[in-house]
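This briefing is intended to be read alongside the sequence and the structure shown below. The points are grouped by topic.

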Amino acid sequence: MDLLDGPFAETLEGVASDRYGIWLGSGISFGRMPKLADVIESALDHLQTRIDRANPACPYRESLTAILDLSSLSEDEKATTPFDQPVASWPQRDKLRDSLPLNYARVLDVAPNTEDADYLLWDAVDVRGQFADPTRIPDAEHVAIAALILEGTASELASANWDGLIEKAVEEFGGGADLLQVVVLPEDVRTPRIRARVYKFHGCALLAAADEARYRPRLVGRQSQINSWAAKSENAVIAGKLIDMVTTKPTLMLGLSAQDSNIQGIFAAAEQRMAWPYPSHPPAYVFSEDRLGFDQRGLLQNVYVDAFSAANRQAIVESALLRAYAKPLLTSLWLAVLCSKLSAVVDLATVDLPAIERDTLRAGLRSFRNLVAEAAPPDEHEAFLRAALPWVGRTISLFQDGRLPAAGSAPYRPLSVHPTHQMLADPATASSGVGGLAVASGLVGMGIDQGAWSAAASPATNPKSGALCLTSPTSRSEIFFAANAQSALRLFENGHVSPMDDAVLVHSEEIVPAMPRAPRPASGRTARPGLRQVSISSITKSAATSADLLQRFREEIVL
């Protein structure tokens, strides 16, 4: 989060405005899918068990021997490899697991001469069983990307992965697989886009398992396929779309080494069409890595060409290297995007406040955001997201509709399906109540900064729980938010709040006469009435500063 507030603040705002094309590699699925070393070992196992020891020209033996030639084994080690024993018992096993992943595409190209060219991927690796396994669940990276897609801030993605975990996460949290359009075949680009589109340019195991005739030929893994990918007319449409994405959008690359020649070719072709200048704002190329690999540095050199000189080389690398791996980065990006959206609409509800006072409210929003971030246990990003996304969905449902999400509905509900700039351009945003929600959240954050209260998410199991529970040194109360009079009325009708509840109902707009608000407490009063109701619209009209606004808010909620 510090990186997104600091040196990569422009990247955050670019993501929040859906400016980045997001490129995904196997690194985002390490926690769920087999590692390359495991994939290759399974291929070796498959070949070893099929060797005909009576046949010196056994094609499976020849294939296995050719694969060992791609490894770092010495000639003596290769000659003494016990082909009659399981691979797990080979003394050279660790060396093979270390060296062969660097040549994984060449390994997959060494099929026995009696089998189909894709035999090692389709049969030996069992791409269907391994990468289309329905029992595998999305990890933190997939869930966070799904949340960004649902928020409208990740509309174009390119994936070299065969698995369908992004699609599964969108379906799980968004309630519909059709929100994400998967593009594998050229004709797929003619399907109307709903929320986002992912170009799976190396194919899709799920689709290949469901329709082998159409999608098995589209699985790309062999070196010969990668080298000829750009030259094949069947790939021209997808290649054109990818080149267009790189040309028109900055690139955020996650878990992708960029070693494949077809990926390098896409970026080189985009540079020839219209290069990104250096410097560019936001940065044109950002890698989520601890350090740049050889191929990633080569990509930067290819796209920046003359600018990648002694004078700029180090600065270019620093501008491109976001030193965070995908799990913490994507989790932080989701939280930061929500905060960025709320920060963008603060102005809608504070037209009479000076700009500097609105910035204080935005600082309060960041404090609130950081409080949520600090609730995430170290290295438990998936558990955090699986708790946080339904909490946001519940909060937005109560805010907009005055009711809990319906049984069986999507657990996540976005703040807006539009990126920040489209939110501000949408005439409906001003009357949606989200500006009042932003101001109220900023005031909660300001109160946290000043030690007036602490905040925690309310338990979802209790229908009388609000969005938050605020605790002051002397008391605690549930906090509900209502976008408008109708959502406030429904909160009453559905039993979430009642006049006798020790709770606070924060209205974005004016409080309608049909629900008279409780009398404002006198100075120094300690006995609280039941439900306290406060209108953000009303208190902002009489506040000259953010401090005045916070004081009015504190007086109204009597906490």
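Cys 469 counts as buried, because its relative accessibility of 6% falls under the 20% cut-off. The model is predicted, and a search of the whole structure finds zero disulfides.

**Cysteines**
- Cys 58 is also a buried residue, with a relative accessible area of 2%.
- For a disulfide, two cysteine sulfur atoms would have to lie within 2.5 Å; the number of disulfides found in the whole structure is zero.

**Aromatic pairs**
- The count of aromatic pairs comes to eleven.
- The rings of Trp 23 and Phe 201 have centres 5.7 Å apart and planes at 55 degrees, so this pair is tilted.
- This pair links distant parts of the chain: Trp 23 belongs to strand 1 (residues 21–24), whereas Phe 201 lies in the loop between strand 4 (196–200) and helix 12 (205–210), 178 residues apart.
- Trp 23 and Phe 201 are both buried.
- Trp 23 also forms a tilted aromatic pair with Phe 267, with 4.9 Å from centre to centre and 50 degrees between the planes.
- Because Trp 23 lies in strand 1 and Phe 267 in helix 16 (residues 261–273), the pair ties together parts that are 244 residues apart in sequence.
- Trp 23 is buried, with a relative accessible area of 1%, and Phe 267 is buried with a relative accessible area of 1%.
- Ring pairs link Trp 23, Phe 201, Trp 229, Phe 267, Tyr 278, Tyr 285 and Tyr 304 into a cluster.

- Five strands form an open sheet in the order 8-9-10-11-12, and the pairing is mixed.
- Strand 8 (454–457) and strand 12 (532–535) are the edge strands, each of which pairs on one side only.
- On average, neighbouring strands of this sheet are turned by 25 degrees against each other, direction ignored.
- Strand 10 (residues 476–482) and strand 11 (residues 503–507) run parallel and are joined by five bridges.
- Phe 481 stands opposite Val 506, a residue of strand 11.
- In general, the strands of a sheet pair through backbone hydrogen bonds, either parallel or antiparallel.

**Val 558**
- Val 558 is found in the segment after helix 26 (546–557).
- Its relative accessible area is 9%, so Val 558 is buried.
- Val 558 and Ser 475 are 83 residues apart in sequence, and their C-alpha atoms are 9.3 Å apart in space.

Technical notes. Residues numbered from 1 in each chain as written. Predicted model: local features only at pLDDT ≥ 70, side-chain atom pairs only at ≥ 80, totals over all residues. Heavy atoms only, no water. Helix = DSSP H or I, 4+ residues; strand = E, 2+ residues; numbered from the N terminus. Buried < 20%, exposed > 50% of the residue type's maximum accessible area, 1.4 Å probe, protein only. Phe/Tyr/Trp six-rings, centres within 6.5 Å; stacked < 30°, edge-to-face > 60°. Pairing = 2+ DSSP bridges. Axes fitted to C-alpha atoms, helices over the stretch in contact; angles between N-to-C directions.
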